Amino acid sequence: MNLEIEEWLDSTNLPNSPIKTIYFGGGTPSIAPVFEIGKILNNLKNKRGFAQTIEVTLEMNPGEISRQKLVEFFQIGINRISIGCQSFLDADLSNLGRIHSSKQALQVVELAKDVGFQNIGLDLIFGIPEQTFEDWKRNLTVATNLDVQHLSVYNLTPEKGTKFYESIFSGDVKMPDEIIQERMFLLAQTILAEGGFEQYEISNYAKKGFRSQHNANYWSRTDYRGFGPSAHSFVDGKRFWNVRDLEEYTKRLLRGKSPIDSSEILSSAQKFTELVMMGLRTARGISMKDLKRKKLADQFFQNYENLDAEFQKKFIVNSEFFKLEPEEWLLCDSLIEKLLAEI
Ligand SMILES: C[S@@+](CC[C@H](N)C(=O)[O-])C[C@H]1O[C@@H](n2cnc3c(N)ncnc32)[C@H](O)[C@@H]1O
């Protein structure tokens with residue numbers, strides 16, 4: 001990966017502004033040797049420069065991180081960590097096939113604070129098989145009492161091609177029913193707001209001043225450059241992605257060949273769809289200026305006008321933004337479908 005970054009840094013068409021956010025994610029970057037991550041950061045800093053407010057996030061798995069590594073990551077300049085806790089109940093973790101225990105998850109959060117991290121995020125998942133409403137309530141209560149700065153709460157999505165997906169669709173494993181999952185989503189909104197978190201995106205909550213800059217840039221379709229196997233990039237309206245296979249990726253780089261597997265130039269309809277889908281999932285909504293600049297906006301506003309009054313009321317529409325009331329986010333996908341009809 002460092003080789004790919006070095007080739008990019010030596011290329012001519014680099015943006016000349018300093019880097020604002022860096023995100024180490026994907027697999028489990030916390031198992032990588034710290035000096036490797038350090039080398040990448042130094043390379044980027046020396047050749048591109050960092051913004052004063054740079055946000056450098058590292059995702060970590062609670063089952064694979066030690067105090068010593070936390071100290072070293074802190075020393076090389078990681079200033080935001082995202083801990084994949086998923087749940088504080090061992091039954092949930094085993095149903096998810098996670099290697100860590102709830103005790104380890106709690107320990108890593110305390111260790112991270114002890115080491116000096118001041119921007120700590122936790123990931124939690126709801127809708128796990130056999131997870132009850134009360135289980136989820138306990139997870140949210142534990143999370144709000146841990147004094148962290150960011151919480152991401154994801155609805156479990158069985159991914160095609162996984163054993164888990166097969167077991168769900170073969171009926172061997174049963175997910176909590178949709179009504180329970182909707183109640184879990186709404187419970188998160190209530191308990192996390194009481195815990196001092198602001199919901200700034202459908203799955204993301206932050207204490208004041210701790211929204212993820214990197215994710216917010218992604219949702220507002222700002223350019224980003226990804227490195228590593230199957231990494232995605234979005235530059236000047238073009239999306240491209242690297243080969244998935246690590247061996248193929250390494251072979252290409254060692255032969256001086258590009259690891260890019262494929263790319264696509266988004267059509268205006270695709271760009272418009274993304275603007276609406278990403279925008280309406282955030283508290284910020286879609287900027288009216290961006291919307292009105294688009295040829296497809298007429299159809300979009302026509303679709304809005306055609307909505308029943310009770311649906312129209314679910315949106316905040318003013319000269320600056322077109323957005324969805326947070327308490328309506330449960331309907332986000334179905335409302336987006338209505339607004340994007342014929343587009
Ligand atoms: C999306 S990233 C985390 C980004 C992080 N929350 C942040 O703010 O920087 C990885 C997380 O996705 C979630 N995730 C992974 N697979 C998932 C699935 N199949 N369904 C729902 N959530 C999943 C897990 O919580 C995992 O820790």
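**Figure 1. Composition of the shell around the ligand.** The shell residues comprise 4 nonpolar, 7 polar and 4 charged ones. The model shown is predicted. In total, 15 residues surround the ligand. Tyr 23, Gln 86, Asp 123, Ser 152 and Thr 157 are the closest of these.

Figure 2. Gln 86 places a polar side-chain atom 2.6 Å from an oxygen atom of the ligand. For Tyr 154, the distance between an N or O atom of the side chain and a nitrogen atom of the ligand is 2.8 Å. For Glu 159, a side-chain N or O atom lies 3.2 Å from a nitrogen atom of the ligand. On its own the ligand has 600 Å² of accessible area, and the protein covers 77% of that area.

Figure 3. Two or more residues of the shell come from each of strand 3 (80-86), strand 4 (120-126) and strand 5 (150-155). Strand 5 supplies the largest share, with 4 residues.

**Figure 4. Cys 85 and Cys 332.** Cys 85 has a relative accessibility of 0% and is therefore classed as buried, the limit being under 20%. Cys 332 is also classed as buried, because its relative accessibility is 1%. A disulfide is a covalent bond that joins the sulfur atoms of two cysteines. The number of disulfides found in a search of the whole structure is 0.

Notes: Residues numbered from 1 in each chain as written. Predicted model: local features only at pLDDT ≥ 70, side-chain atom pairs only at ≥ 80, totals over all residues. Heavy atoms only, no water. Near = heavy atom within 4 Å. Polar contact = N/O pair within 3.5 Å; in protein donor to acceptor, adjacent residues only side chain to side chain. Areas by Shrake-Rupley, 256 points an atom, 1.4 Å probe, with all protein chains shown as cover. Nonpolar A, V, L, I, M, F, W, Y, C, P; charged D, E, K, R; others polar. Disulfide = S-S within 2.5 Å. Buried < 20%, exposed > 50% of the residue type's maximum accessible area, 1.4 Å probe, protein only.
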